Amino acid sequence: MKKLNSILGLVVALVLMNPNVFAQEKNAPTYKLITNVNVWDGTSDKLVKADVLIENNLIKEVKNGITAPKGATVIDGKGGTVMPGLIEGHGHLYLNGLTLADIENNKGYDELAIRAAVKAEAHLMSGFTTWRDAGGMGTGLKKSIDAGIVNGPRIYPSGALIGPSGSHADFRNYTTPNETMFGAHTSAARNAMSFTADSPEAIKTAARQNYMQGATQIKIMSSGGIASQFDPWQLNAFSAEDIKAVVEVADAYGSYVMSHAYSKTAIMRCLDNGVKTIEHCLMFDEDVAKKLVEKGAYMTTNVTSFSPLIDQLDYIRTSPMSKKKYESAKIATKDFVANVKKYQPKMGFNCDAIGDLQNGITQADYSIYLSGELFGNLFTLKSLTSVNGEIVKLVGDVLDPYFEGDLGVVKPGAYADLLIVAGNPLEDLTLIGANEKWFDASGRAGDDIPGMKLVMKDGKVYKNTL
Ligand SMILES: [Zn+2]
């Protein structure tokens, strides 16, 4: 016992002499080495044979014959393909009621939040490691995911769908209501899901409020839509002055504006006034293609707009007005697919599912299938990875919550957000969930994509059936 005491005393003395002993233990890098795989890097039209070394949460090396560092966890990929985790370019985790009216009238924020958390985990388990939310959510779920309290993708939130609120002069605490906005008579406004702002000044206030509460980019509705009750899709809702105002605020934060825009007038007005991503962009044509290139801008399109099954969507099925709107949009956008094939724009994957968990899963699976059918597997895979990886990084360094590395690519320095699939995704999109059935799909659990063997986010393995 005496001998033991003296040994313990010696250890304690050594530790006290060198306080870095524990710190060094804690900071020692951890390694994972993925072997026996091909790699699809997010951009190329072919696979390459390589190992992938991960140091902590980042990719360290991608090449053939890497020697495992001491203590590395070796993952045998069993001849599968390593590819980037998928990125949703335009989702709505919190718009999870049956219709927009159902969300406004029947769902409290706590219910929406719980449903959103369940959806977030299911989408992560389906391979979506990053999610750009196109409006309707705050940052509570994102922060909880980042803190490891619940599982889900990295989230780039837009805050409320849309002054100087949130400035150096703003002494409110985080949850103090903003009187100009929270006097609004909608649940969506009270819960910072959707703000009504009718002047450049009001728009600026709303944008600043979103940034104050952690939005990474601002989402505006510069044309009408089909799911909503009162607006024709042809409506050009925001003037050039309105758009300039919100872009000015986004620029001040080093960030950018994404805009819902169907009509060509709305699309061109947005691009001419500094909007960086056009959402839906349904009247895409040669002029828009040239303008996107000139402005270094992107589009994201929900390809289900071009599905023969779309009139089975709840909001179209249950609303004669939405059905009428859809019929006229179908005629106006008949050249979209041919134009995308011809001009090959930088187009991000956009699922845009509203509704419950099963809606989210079946619409994502069907969107991947339909995109493959319309534009080919490589175009679809790039839209799901490297193109959306560029889009989320439009946020700029200052506000980017995930500033350590690139997203949507497999290369040294990028985040270790990776999938291993049992085959070649360039030839088979069912490996990432593609399903030709939509409303009559049998439904599945979040992690039930048989060909997707491993899901890793930030270097951590969430699914492994290898
Ligand atoms: Zn949307």
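**Close-up views of a predicted model**

**Figure 1. Three elements, β8 (86–91), β9 (128–133) and α15 (357–375), each supply at least two residues of the lining of the largest cavity.** The view is taken from a predicted model. Sorted by class, the lining has 6 nonpolar, 4 polar and 2 charged residues.

**Figure 2. Five strands form an open sheet with parallel pairing.** The order of the strands across the sheet is β11-β12-β13-β14-β15. β11 (218–221) and β15 (347–349) are the edge strands; each has a single partner strand, so one side of each has no neighbour in the sheet. On average, neighbouring strands of this sheet are turned by 30° against each other, with direction ignored. Within the sheet, β13 (residues 277–280) runs parallel to β14 (residues 298–301), and 3 bridges join the two strands. I278 has M299 in β14 as its bridge partner. As a general rule, side chains in a regular strand alternate between the two faces of the sheet.

**Figure 3. Strand β17 pairs with β16 and with β18.** β16 (residues 418–421) runs antiparallel to β17, and 4 bridges join the two. In this pairing, M456 of β17 stands opposite L418. The pairing of β17 with β18 (residues 460–464) is also antiparallel and again has 4 bridges. Here V455 stands opposite K463 in β18. β17 and β18 form a hairpin with 2 residues between the strands. In that hairpin, D458 takes a positive phi near 55°.

Figure 4. What is a disulfide? In general terms, a disulfide is a covalent bond between the sulfur atoms of two cysteines. How many disulfides does a search of the whole structure find? The search finds 0. C270 is buried, with a relative accessible area of 0%. C281 is buried too, and its relative accessible area is 0%.

**Figure 5. A192 and C281 have a positive phi although neither is a glycine.** In general, most residues other than glycine have a negative phi. For A192 the value is about 55°. A192 is found in the loop between α7 (187–190) and α8 (200–212). Is A192 buried or exposed? Its relative accessibility is 13%, and buried means under 20%, so A192 counts as buried. For C281 the phi is about 50°. C281 has its place in the loop between β13 and α11 (286–295).

Definitions and conventions
Residues are numbered from 1 along each chain as its sequence is written. This is a predicted model: local features need pLDDT of at least 70, side-chain atom pairs count only at pLDDT 80 or more; totals for chains, interfaces and linings use all residues. Side-chain values use heavy atoms; hydrogens and water are left out. Two strands pair if DSSP finds at least two bridges between them. Ala, Val, Leu, Ile, Met, Phe, Trp, Tyr, Cys and Pro count as nonpolar, Asp, Glu, Lys and Arg as charged, and the others, Gly among them, as polar. Axes are lines fitted to C-alpha atoms, for helices over the stretch in contact, and angles run from 0 to 180 degrees between N-to-C directions. A disulfide is a pair of cysteine sulfur atoms within 2.5 Å. Buried means under 20% relative accessible area, exposed over 50%, partly exposed in between (1.4 Å probe, protein chains only).
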